[in-house]
Amino acid sequence: MVDNSLGKYYLERHPDSTVKQELKYLLPDEIKAIDENQDITDYKLLDNVMGSGHILVYAFELFMKMYLEQGYSKRDAAQKIIENNLFGLEIDKRAFQLAYFSIMMKGREYDRRFLRRNPTTNLYYFEDLHVSDEFYNFISDKVVRDNLKKVVKDFSDATELGSIIKIDESIDLDSIEEVVAGLDFESGLDVFGYKKMQKQILKTLKIIKVMATKYEAVVTNPPYMNKFDKTLKKYLRDNYKNYSKDLFSVFIYHNVHQLVKGGYAGYMTPLVWMFIKTYEPLRHDIINNFKIDSLIQMEYSAFEEATVPIDTFVLKNSDDKIGTYLRLSNFKGGMIVQEQKVLEAISDPTVNYLYHTDKLNFDKIPGSPIAYWTNTEIYKAYEFYPNLDKIAKPRHGLATSNNARFLKLWFEPNVNKESILLKNDFSKKWFPMNKGGSYRKWYGNLDWVINYENNGKEIKDYAISIYGNSSRTIQNTKFYFKQSLTWSALTSGLFSVRWSDKGALFGSGGYCAFVDENIEKYILALMNSKVTSAFIKIVSPTMNYEVGHIKTIPVNIDKNKFPTITELSNNNISISKKDWDAFETSWDFQKSPLLTQNATSLYQAYNSWFNEALTRFNQLKSNEEELNRIFIDLYGLQDELTPEEDEKEVSVRKADQLRDIKAFLSYFIGCVFGRYSLDQDGLVYAGGDWDDSKYTTFKPNKENIILLTDRQYFDDDRDIIVRLKEFLTKTFDPETLTENMDFIAQTLEPKKFERGTSAEDIIRTYFLNDFYKDHAKIYQKRPIYWEFNSGRNKGFKALMYLHRYNTEELPMVRHYLHELQPAMNDLIEVDQNLLDQETTASAKSKYRKAIATLNKQMNEIMKYDQILDHLSQSPIDLDLDDGVLVNHDKLQQGEKLLSKL
């Protein structure tokens, strides 16, 4: 910042200066010589938030190079720099002391007798100024007295307001200083502290003069703050209204107005001022009145010390229009890489991340973002094509004010597709809710439902109780349940838009655009193209995609390309829907995709699924690249963009053997509990009346319990491996049972399987240790299969299906536990007999460990039995509409009954 502000100011006046070679960070730009013979002692640099003085120390070194070039000795230069050139202000006394010490040590570095010369500095810290009414009685001049009162009022909160205090330039500071300095409080005892008031006033007058001076360079790293106490908030609103959303933007505005003509202001700030609507007035002030001389946009997390992405830039008090910009946002690796790229650009101005841009172009884009990297064709698009809000209606949706109460993942309550997609039937309770989600194009992220029973009466009443009305949070109701295009407001991925059928509401995390159905699919294709990504990055380079950003997309509708684009868009929706519905977290899920392949074995089924998913993936990738190609041509952006997409940009899923086998086992568990049936596609039971007739091929467990054990204790439906084998014989050729078990085991634990661990043991261990964790993760920590868990020794573990729970569940679990205990005792006896018969040490050790484990498990089970007994005494009703979190806590009742969510 100092190189590109103070250094450049000097070089403009000394174009042949060798100091240029010393400016390590001076960005490549034409320096226009100015015929102005200004003495070096008149150059003034201010850091009005100087902290511990780092910028001032750097500036001292640069001034020293200038002075030496002008023929000064190091000793004379050191004193002149400190007394004439460097100015600093700070609200923190401790920071001021550090800065003062640093500057004095710089002087001492170049002059061993420097401290003996009693040099004066222009460094100050703010103190609140309070003067008693009696003090004013010593001032006879009414004008001076009244002006002093104004000064005292302005600086009564100086330690909070600091450098942004506005100075009344009509006040004659010299007159006040002369009068106050002439007051004599030496005689007598100063019991009222008048002498201290006098010193504070004189110090404040010096600070005001520093604040009122115009500078050749003002360089600082201002504070980043957007939460203020009442005093500061009111002052900012009264004095910096258009710039008061964050303190750093106040300093950007304030400091550039402290420059002499041709002077430079350097900053390091959050980069949001360049793009978001909040800072639009600031951008207009800069574009209309100053030159953005240079700017470096850094990578998102370049500074570990900064909690936000930042940029560093220099503004010039000039009418010049062309600025120099470095776009380092795509270079990862922290400050080391960022500095390396800056130095590369300085040594080689042809690098493709260096730009020279006319600031007037910024006003061609809605909101005037500082989009310096855009090319002529993009500017033309904004000029010649209508913005999206002229064609569509992008809208904010509903904020519940209490998500935990009104929002549920669709699989939590007693709902199925039919009950949540009844268009505008307000006798129902739960309705689909577009709420954003991860990166996904075309279709999907249909995870949430909202309680909008009786036209949203409960949620509206709740809003009224908080805000006095419901319209503050329940917005754009006339668009509810309409077909739309929806996107995630905040995402760590790329911008992605999905088609949403009729029947859904939309919330603060999932905004929607409402488009005439005739052009809806065309607009969807445009919004999912690389062209729109380029437009979005201009107005929102962060990961936040607000309605205001989307409104600005320039829309070029080409009638000749319309049929092709619409057909591709429809095809992409279909492809993405098939992908979304292939997983059980979709309410349109029918059955495991491994059971739709007409295969005789699980291995064959997986291979067929692999090819099906790959074909789908490749087709979508091809379609998207064709759409990119079309839109790139339509907008003339061939030099800016390429149609090819990385695989990570294609949002349907390829087959993944481990994921898909685990999903198959999850579907099996769903069949065990009757959520799904081999005789009927889709969700069969999620609460309500049970119908046995829906299950013929594979019967669900009658008691809604299945044990998870490390050994086989039972030969019936209590044992999970018994049930899995039965399931595999019903879904594939019974002759392939062993092959299928091996395939599952080899997928879950390939190394253990290769070492000879049996398939049954591997699968049993997976269900015992990992199934529930995987299930909870896939179901976003809202599992529908709950795990009873006696503790770390895994003496008793069992699954139940939440939607089949009733008040007899805990007694039934206890009954299963009681059946397990004698089976475990029998096994202890068997192991003991085997131990007695063994002669080898290794075998004996094996059985001793097994017996010890079983004894620990038995002890754990007895304690767990007490918990079950206690909780069973008071039957607990669960209401599915309360959701998983509430019900899980309700059943747990503070006891260690269930595995954690």
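Q: In which sense do E1 and strand E4 (residues 215–220) pair, and over how many bridges?
A: Strands count as paired if DSSP finds at least two bridges between them, and helices (H or I, at least four residues) and strands (E, at least two) are themselves DSSP runs, numbered from the N terminus. Here E1 and E4 pair in the parallel sense over 2 bridges, and Leu-46 has Val-218 in E4 as its bridge partner. Residues are numbered from 1 along each chain as its sequence is written. The model is predicted, with local features needing pLDDT of at least 70 and side-chain atom pairs counting only at pLDDT 80 or more, while totals for chains, interfaces and linings use all residues, and side-chain values use heavy atoms, leaving out hydrogens and water.

Q: In what order do the 9 strands of the open sheet stand?
A: The order is E3-E2-E1-E4-E5-E7-E6-E8-E9, with mixed pairing. Strand E3 (123–125) and strand E9 (354–358) are the edge strands, each pairing on one side only. Neighbouring strands of this sheet are turned by 15° against each other on average, direction ignored, where axes are lines fitted to C-alpha atoms (for helices over the stretch in contact) and angles run from 0 to 180 degrees between N-to-C directions. Helix H9 (residues 194–212) packs on the sheet and touches E1, E2, E3 and E4, its direction making about 120° with that of E3; contact means heavy atoms within 4.5 Å.

Q: Which residues of helix H3 (residues 74–85) are buried?
A: A residue is called buried under 20% relative accessible area, exposed over 50%, and partly exposed in between (1.4 Å probe, protein chains only). In H3 the buried residues are Ala-77, Ala-78, Ile-81, Ile-82 and Asn-85. They cover an arc of only 120° around the axis, which puts them on the same side of H3; the arc is taken from the directions from the helix axis to the C-beta atoms. These buried residues pack against strand E1 (45–47), helix H2 (54–69), strand E2 (86–90) and helix H4 (93–110).

Q: Why is strand E20 (residues 797–801) described as largely enclosed by the rest of the structure?
A: In a regular strand the side chains alternate between the two faces of the sheet. In E20, 5 of the 5 residues are buried, so the strand is largely enclosed by the rest of the structure. Lys-797, Leu-799 and Tyr-801 are buried on one side, and Ala-798 and Met-800 are buried on the other. Strand E19 (residues 785–789) pairs with E20 in the antiparallel sense over 5 bridges, with Glu-787 opposite Leu-799. Strand E18 (residues 706–707) also runs antiparallel to E20, joined to it by 2 bridges, and Leu-707 stands opposite Ala-798.

Q: Where is Ser-163 found, and what does Ser-163 touch?
A: Ser-163 is in the loop between helix H7 (158–161) and helix H8 (173–181), and at 5% relative accessibility Ser-163 counts as buried. Not counting residues up to four places away in sequence, Ser-163 touches Asn-48, Leu-89, Phe-126, Met-211, Phe-251 and His-254.
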